[in-house]
Amino acid sequence: MINGIMNIYKEAGYTSHDVVAKLRGITKQKKIGHTGTLDPDAVGVLPVCFGSATKLCDMLTDKSKEYEALMCLGVTTDTQDMSGRILTETQVHISEAEVKQAVMHFIGGYKQIPPMYSALKVHGKKLYEFAREGKEIERQSRTVEIFSIQILEIRLPEVRFVVSCSKGTYIRTLCADIGQRLGCGAIMAHLTRTRVGNFRIADSITLDKVEKLMQQGTYENYVIAPDSVFMEYEGAMIKCEAENALANGNKLYLHQLDFDHHKSFADGEQLRVYNRNHEFRAVYIFAENEGVFKPCKMFL
């Protein structure tokens with residue numbers, strides 16, 4: 001059984017669910033989960049978790065992401081991208097300087113209204129299901145964070161840029177909002193996800209490659225250990241007398257842990273914990289008021 005993460009390159013035409021279904025067939029393993037949806041027409045990084053690492057799915061979904069997007073000005077659609085029904089078309093009479101100013105305006109936090117064609121649920125039903133019925137549902141805006149935007153090329157009406165952003169950011173909607181600010185409308189013409197957390201597109205592999213690796217028996221070279229996600233945290237090995245406490249997911253005290261060096265911990269600081277065989281077993285979080293580490297995620 002595979003226990004770890006694969007950095008999959010999602011190709012166009014597949015949903016994230018399709019990728020998981022394909023991998024179940026390729027690996028003959030049921031316990032697989034993806035780490036956040038990517039539109040069918042979009043390509044790029046999709047970390048997929050296997051076995052015990054499926055406990056990481058929600059944590060990886062929370063990671064910051066980076067995209068390379070192609071925006072087309074002067075057109076709007078009902079899906080905010082090329083796949084939708086055209087709503088408006090207009091001539092683009094704006095300067096490159098105006099484009100740059102409008103794009104850079106969105107750096108920082110801003111209120112974004114999720115698109116109707118999205119998998120978000122309202123009243124127990126996905127928004128895109130309402131949209132396909134021709135219904136417009138009121139959506140609450142959500143604060144998203146645009147950490148940085150780098151404009152790569154402006155060839156009006158097209159603009160290519162790289163954006164680093166928080167979870168929950170819709171790049172389709174960002175393009176539409178930029179177009180609205182410019183007064184000419186805009187859609188997302190193409191999208192490549194280049195990074196999720198520390199998972200980068202240069203290291204990703206296609207489904208075809210996974211299939212070949214499985215046939216060759218060399219897939220393990222591309223399985224990333226679950227603890228790699230937490231390498232920014234301090235690590236410690238459990239002491240012999242506390243092995244059962246770790247195995248049962250009990251709280252741990254400083255004297256029950258072996259550290260490479262002495263360190264003081266702040267409230268809420270996380271810790272990687274390994275058993276005596278150097279196997280990663282858990283992430284604990286420090287509760288300063290009690291002076292103990294409490295289990296956050298167990299990988300037993």
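## An aromatic cluster

In this predicted model, one aromatic cluster is made up of F230, Y233, Y274, F280 and F299.

## Aromatic pairs

Across the whole structure, a search finds 10 aromatic pairs. The pair F106 and Y110 counts as edge-to-face because the ring planes stand at 75 degrees, over the 60 that this class requires; the ring centres are 5.0 Å apart. F106 and Y110 are both buried.

The rings of F286 and F293 have centres 4.9 Å apart. Their planes meet at 50 degrees, so this pair is tilted. Both of these residues, F286 and F293, are buried.

## Fold and extent

The protein chain contains 7 helices and 19 strands. Along the principal axes, its C-alpha atoms fill a box of roughly 75 × 50 × 40 Å.

Of the contacts in the protein chain with a separation of 6 or more, 64% join residues 24 or more positions apart.

## Burial, surface and charge

The protein chain has 300 residues, and 48% of them count as buried.

Charged side chains number 37 positive and 37 negative.

Definitions and conventions
Residues numbered from 1 in each chain as written. Predicted model: local features only at pLDDT ≥ 70, side-chain atom pairs only at ≥ 80, totals over all residues. Heavy atoms only, no water. Helix = DSSP H or I, 4+ residues; strand = E, 2+ residues; numbered from the N terminus. Buried < 20%, exposed > 50% of the residue type's maximum accessible area, 1.4 Å probe, protein only. Contact = heavy atoms within 4.5 Å. Lys, Arg positive; Asp, Glu negative; His and termini not counted. Charge placed at Lys NZ, Arg CZ, Asp CG, Glu CD. Phe/Tyr/Trp six-rings, centres within 6.5 Å; stacked < 30°, edge-to-face > 60°.
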